[in-house]
Structure formats: C-alpha cells, structure tokens
Amino acid sequence: MTGRVIDPLSTPVPVVLAGARGHGRWHLENIRRLQHRGLVRLAGVCELTPLTEDELGDLGAPEQSADFGALLDSTGAAAAVVCTPIPTHTDLALTAAERGVHLLLEKPPAPSYAEFRRMADGVAAAGVVCQIGFQSLGSHAVPAVRDLIADGAIGTLAGLGGAGAWVRDEDYFRRAPWAGKRRMNGTDVVDGALTNPLAHAVATALALGGSTRAEDVLAIETELLRGNAIESDDTSCVRITTAQGHPVTVAATLCAERADEPYVLVHGSSGRITFWYKQDRVLLQRAGHGPEEFQHGRTDLLENLVDHLTTGAALLVPPDETGAFMRVVEAIRTAPDPAPLPDGAWHRVPGENRRVVPGVDGLVAAAADTLSLYSELGAPWAPAAPHRTKEVSTR
C-alpha cells in the first residue's frame, strides 16, 4: 500500500487534526496560519468533545468526530496531525498509515522503543510519510551549527551538553490523567522532564552531534529524581555514550528557581557554540576571535511535510532520525522509578503553587558546561551512582 497521492498542484492539502486542545491548540493555530496561506485545509477535527464555533473561528466548519479512522475515511484527508496522549501515538499513527494518510506525529513519538519500532515499521510498510514533531529540528541553526563543527570552527568536537531549567506549578501535573505518570493502567506513559517537556534538549543535542539514529547510541546513564508528588521525573540528567566518540549530557528540571531559556552547548577543543533552540539563536566563541552571535530562521514541520508531499523537498524529521532519542526514552522507561527528593531539598513558593529545588538552576548549567551528572557535581540529593544501560541491540 502507498500513501494517498498528492498532486503537486492540488494544495491546499486536506488535513485532520487529532487532539486540538491543550498543546493541540498550537497545532490548530498553525493549521489556521497555513490555511490562510492556501497550503492546507482543515478537513476534520478528532476530539472527544467537538470544538466550538469560537474555537474554530475562521477555519470554517470541518467535520468532527471522536473516531479517528472514520474521520479519515469520510474526509479523504491526505495528512493528519496527531497531538494526543503519548500512549495513543502508535495506534493512531498506524490507523492513519493503514489508510494511506501521511503524518505529523507529536513528540515523543512513543512511550517505549518497542512501540516506536512498531509505529515506524508500520508506517514504512504502508508507504506513507511520517514527520516527528521536534520543532527545534526545523531550525536553520541546526545545519548551520553542524557546518561550523565540520569546518573546525571550534576545533575537535569534545561533547555536547543540554540544559533546561523550567518552572511548572503543581497543576501542570494534573492537566491530564496521564500527566506525571510513568505508566497508567498497565500501559507505559513515561511523561518525564527529559522525555516530554524538555525532550527537545535531548533530541537537539543528539542532532547537533550527528547522533540521531538508534545505532549511534552505545550506552546511557540516567539519574531520575522528583520534587513533585508524581510518578515520573521532574529533575533529571542523562549522559549518552555515542558511536561518534563524544558524550552527550543533558540536565533538566521543572523545579527551577527561575525559568530560563533551554539551550545546547557544543564543546570543542578550541571553542564552544551555544544554541538557544527555542529562539533559533547561536553564540560562537572561539580562540583568537571575538564572540559572534547569529539569528536563524525556522521551517515549520507541517509546512515541510506539505512541501515534501507536493514538491519532493527533503523531510526534516523522519522517524529513524529520532531513533537515538527513543533509545534515551527506553533507558528512562526501564530505569528504576524516580527517587523522591528529601523534604529538605525542596520548598513551595508562596502564592505560586510550585515546588523549587534550591541550587538546581546552577547544577543544570554546570552539567551542560562540564558534561557531568548531578552525582558528579556533588548535589546532596543525587544518587550515589547513575543507573547504567548498555545498548547491545538496535532492534
């Protein structure tokens, strides 16, 4: 079976959106933007409760149904955006693939490596195109930084560090039944800081170092902790040993003292590159030169998917280019459950209904700066040693 054929002259491409509330509102507004440009047409919305006229606004009156497969059939959609709870991603992606419908699948693509492979293999067998929704990988800064590394601008690549210090109140973990869960009703969820809200830090660090595929990962060390009363991790770090020979260390917290812009730090033998991936901003610092800052553009991933289908443009984030990230998800899934931080290691912020871990902002930055784990930085609440997962197979 092959995907529904897109006539190069047949834009707007009919699209169904599955999951239009919560983070799905961002996709709804993005579809609105692209519909105004004549690139897509919102043909259907899959939600348990239909969108109101106010929510749809000038998007017209797309067909609405809670049955995703039936909606794809009745609308004749050529593409679908799936922004639903993490455990539903694989089945919904395969539902679309079976009908020849191409996909933009929100990150993380699956809660386990086995589910990821089931999705990716099923999509490939069906002959449809799937784009994984790591929006940061649409940044023009990604190839620009790779070029700087390849040209030796910072000498020999020594490693990459990622840092994400974010603020989330306790209601964030109650936003949906699956929020803050590692598993629910016997099904994997793995909604942790590194696998969901700050997943871009992990995926972007791997991408800048050219370690995107499953076989690029040799071993993973994890330290998973939680300050909030949840199952999953909210203060975590991971170090990935890559086949390319450089480590990738990412530290994240949702219990920061102050919210900061997440970034990836590229370490070289004679310089460093800082990439603030939400801002598409790059700072180059190297021996013998003053600091240089660059602002880059970004290609929207749904727009890129449409461009790929209509003109043959290269797809930016196909599933196999997220295999290394999914190895990290799998290591976090199979690691011991996150340890609760001791009572003295966190406190509530008066009037803000959130928990803060004093000093964690500096630890997150230090991890990216030194490629060290929390335990190696002397965090008093860190485990004595990280959990190590050795990768012996990519299947």
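Guide: Two residues are in contact when heavy atoms of theirs lie within 4.5 Å. The model is predicted, so local features require pLDDT of at least 70 and side-chain atom pairs pLDDT 80 or more, while totals for chains, interfaces and linings use all residues. Residues are numbered from 1 along each chain as its sequence is written, and side-chain values use heavy atoms, with hydrogens and water left out.

Visitor: Which residues does arginine 239 touch, not counting residues up to four places away in sequence?

Guide: Arginine 239 belongs to strand S11, which spans residues 235-242; strands are DSSP runs of E with at least two residues, helices are runs of H or I with at least four, and both are numbered from the N terminus. Beyond the excluded neighbours, arginine 239 touches Ala219, Ile220, Glu221, Pro247, Val248, Thr249, Leu371, Ser372, Leu373 and Glu376.

Visitor: Is arginine 239 buried or exposed?

Guide: The relative accessibility of arginine 239 is 13%. Buried means under 20% relative accessible area, exposed over 50% and partly exposed in between, with a 1.4 Å probe and protein chains only. Because its value is 13%, arginine 239 counts as buried.

Visitor: Which side chain does a polar contact of 2.8 Å join to that of arginine 239?

Guide: A polar contact pairs N or O atoms within 3.5 Å; within protein, one must be able to donate a hydrogen and the other to accept it, and residues adjacent in sequence count only if both atoms are side-chain atoms. At 2.8 Å, the partner of the arginine 239 side chain is that of glutamate 376.

Visitor: Which residue follows helix H10, and near what value is its phi?

Guide: Helix H10 covers residues 360-370, and its buried residues are Val360, Asp361, Leu363, Val364, Ala367 and Ala368. Their cover includes strand S7 (157-165), S11, strand S12 (247-253) and strand S13 (263-268). After H10 comes leucine 371, with a positive phi near 60°.

Visitor: Why does leucine 71 count as buried?

Guide: Leucine 71 sits in helix H3, residues 68-75. Leucine 71 counts as buried because its relative accessible area is 0%.

Visitor: How far apart in space are leucine 71 and cysteine 46, C-alpha to C-alpha?

Guide: Leaving aside neighbours within four places in sequence, leucine 71 is in contact with Val16, Gly44, Val45, Cys46, Glu63, Gln64 and Ser65. Along the sequence, leucine 71 and cysteine 46 are separated by 25 residues. In space, the C-alpha to C-alpha distance between leucine 71 and cysteine 46 is 7.3 Å.
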